[in-house]
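Subject: Structure handover and findings

Dear colleague,

Please find the structure below, handed over for your use. My notes on it come after the sequence and coordinates.

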Amino acid sequence: MCRSASTWPHAFATEKMRAADISEALLPTLSRQDIRDLFPGPEHFLRRKATWKLFHKEQEVQQAASPNQENGSNGRGLATVQVNPCVSETPRPSNPTPPQPDVQEILDPPRTCSYPTLNMLFILTVMDELRCILDRSNPDFISDLKTSWESFYGKAQFYGVFKKLLGPSTTQDKVTRSIAMMKALPEMFPSPVAPPKNLGHASEAMVHILEPTENPNTYLQRRPVFSPVLIICDSSCMLAIGSTPVITFPKENIDTAVLYLLAYYYTFHLTYPKCIATLLSVLQSEVQQDAIHDSYATSSYKKALSEWKKFIGE
C-alpha cells in the first residue's frame with residue numbers, strides 16, 4: 001500500500017490481516033465478532049462499523065424495517081431476510097433463501113424510495129472515518145478536502161489540455177467534464193504497470209460507463225481487480241468494491257466521486273492497483289495532503305509529481 005507512515009496505520013492493519021491470514025476477498029465473510037477481534041479497541045469503532053455495513057447493510061435495513069417480524073427471526077427479534085431497500089418500501093414476507101438483489105435495481109431505484117438517505121449515511125460514515133485517520137482533530141476536514149480537490153481539479157483541467165488528454169471544457173457540462181477527467185487522470189499520472197488485458201484502459205480500474213445493453217451484475221463479477229470502482233449509468237452512479245455495491249448517488253454529484261473512492265481505499269485498507277498506483281499516490285499527497293513515505297515513493301510517482309509541480313509552478 002502507498003500510505004504515509006505518520007498518518008496511516010498501515011503497519012497495524014497489514015500486520016493484523018496478515019497474522020489472521022485474511023485477504024481483501026475474505027472481508028465479506030467476516031462476522032461482527034471477527035471484525036471486533038481483528039480491530040479491537042474504541043479507537044477502531046468507526047472502522048469496525050464501516051466494514052460491517054459495507055457487506056451487511058441490506059440485512060440491517062430489513063432488520064430496522066421489520067423489528068418484530070416473527071418469521072425469519074434470529075432469536076433477538078430481528079429479521080434476517082436480506083431485501084434490497086431501493087426496490088420497495090413495503091415490507092415483504094420472509095423467505096429463507098431470498099434472491100440476490102439486482103445491481104440494475106440499485107442503479108435505477110424508484111423515486112419514492114428512501115435509499116438515497118441511507119446512501120448519505122454510508123457516505124458520511126466513510127468520510128468521517130477518513131477524517132479520523134488523517135486529521136481527527138479537524139472538524140472542517142471534509143470541507144477542506146473538497147476545497148483541496150476543487151483546486152487540484154481546476155489545475156488538472158489545464159494539465160490535461162497541455163498533455164493533449166483533454167479538450168476545452170467551456171462547452172461541456174459538469175458531468176461530462178468529470179467523466180472525461182476521471183478517464184484522463186491515469187494517463188496524466190501514468191504507472192509503469194499495464195492494466196490486466198481483460199480490464200482494458202487503466203481508467204477502468206476506477207470508473208466504468210455502463211453500456212445500454214450491459215448487465216452491471218455480469219460486469220462486476222467478471223471485473224479482474226477488487227479495487228473500488230465507480231459505475232456510471234444514464235441516471236445515477238454506483239460505487240462498488242469487488243462485486244459488492246456499496247453506495248449510489250445522483251449523477252450530478254459525480255464531481256466528488258473521486259473523494260469517495262479514496263475514502264474507501266483508506267477505510268478498508270485496500271491496496272492500490274498497480275496500473276493506477278501512481279495516480280492514487282499523487283491524489284493522496286496532493287489532494288488529501290497525506291505525504292508518501294520515502295519507502296513507498298516509487299520512481300514513477302517521483303517523476304509524475306515532479307512534472308506536475310513544474311507545470312503548476314511549485
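The notes that follow cover the sheet, the helices around it, the salt bridges and a surface patch.

This is a predicted model, in which local features need pLDDT of at least 70 and side-chain atom pairs count only at pLDDT 80 or more, while totals for chains, interfaces and linings use all residues. Residues are numbered from 1 along each chain as its sequence is written, and side-chain values use heavy atoms, with hydrogens and water left out.

Four strands form an open sheet in the order 1-2-3-4, with mixed pairing. Its edge strands are strand 1 (207-209) and strand 4 (244-250), each of which pairs on one side only. On average, neighbouring strands of this sheet are turned by 25° against each other, direction ignored. Strands here are DSSP runs of E with at least two residues, helices are runs of H or I with at least four, and both are numbered from the N terminus. Two strands are taken to pair if DSSP finds at least two bridges between them. Angles run from 0 to 180 degrees between N-to-C directions, the axes being lines fitted to C-alpha atoms, for helices over the stretch in contact.

Strand 2 (residues 228-232) pairs with strand 3 (residues 236-241) in the antiparallel sense over five bridges. These two strands form a hairpin with three residues between them. Within this pairing, L230 has L239 as its bridge partner, and I232 has C237.

Strand 3 also pairs with strand 4, again in the antiparallel sense, over six bridges. Here L239 has I247 in strand 4 as its bridge partner. The hairpin of strand 3 and strand 4 has two residues between the strands, and G242 takes a positive phi near 65° in it.

Six of the six residues of strand 3 are buried, where buried means under 20% relative accessible area, exposed over 50%, and partly exposed in between (1.4 Å probe, protein chains only). In a regular strand the side chains alternate between the two faces of the sheet. Both faces of strand 3 are covered, with S236, M238 and A240 buried on one side and C237, L239 and I241 buried on the other.

Helices around the sheet

Helix 7 (residues 174-188) lies across strand 1 and strand 2, and runs at about 125° to strand 1. Helix 9 (residues 257-267) packs on the sheet, where it touches strand 2, strand 3 and strand 4, and its direction makes about 150° with that of strand 2. Contact is defined as heavy atoms within 4.5 Å.

Helix 10 (residues 277-286) is largely enclosed by the rest of the structure, because ten of its ten residues are buried. Its buried residues pack against helix 6, helix 7, helix 9 and helix 11 (299-312).

Salt bridges

A salt bridge is a side-chain nitrogen of Lys or Arg within 4 Å of a carboxyl oxygen of Asp or Glu. By this rule there are four salt bridges.

D128 forms a salt bridge with R131, with the closest N and O atoms 2.8 Å apart. The two residues are separated by about one helical turn, because they are three residues apart in helix 5 (residues 115-135). D128 counts as partly exposed at 25% relative accessibility, whereas R131 is buried at 17%.

K163 forms a salt bridge with E307, the closest N and O atoms being 4.0 Å apart. K163 is partly exposed at 28% relative accessibility, and E307 is partly exposed at 34%.

K309 forms a salt bridge with E286, with the closest N and O atoms 3.2 Å apart. This pair also links distant parts of the chain: K309 lies in helix 11 and E286 in helix 10, 23 residues apart. K309 is partly exposed at 25%, while E286 is buried at 15% relative accessibility. Salt bridges that share partners join E286, K309 and E314 into one network.

Surface patch

F158, F162 and F311 make a nonpolar surface patch of about 360 Å². Patches consist of residues with over 30% relative accessible area and no salt bridge, with nonpolar side chains (Val, Leu, Ile, Met, Phe, Trp, Tyr) joined within 5 Å and like charges within 9 Å. Accessible areas come from the Shrake-Rupley method with a 1.4 Å probe, and for residues only the protein chains shown count as cover. F162 is found in helix 6 (residues 141-162) and counts as exposed at 57% relative accessibility.

Yours sincerely
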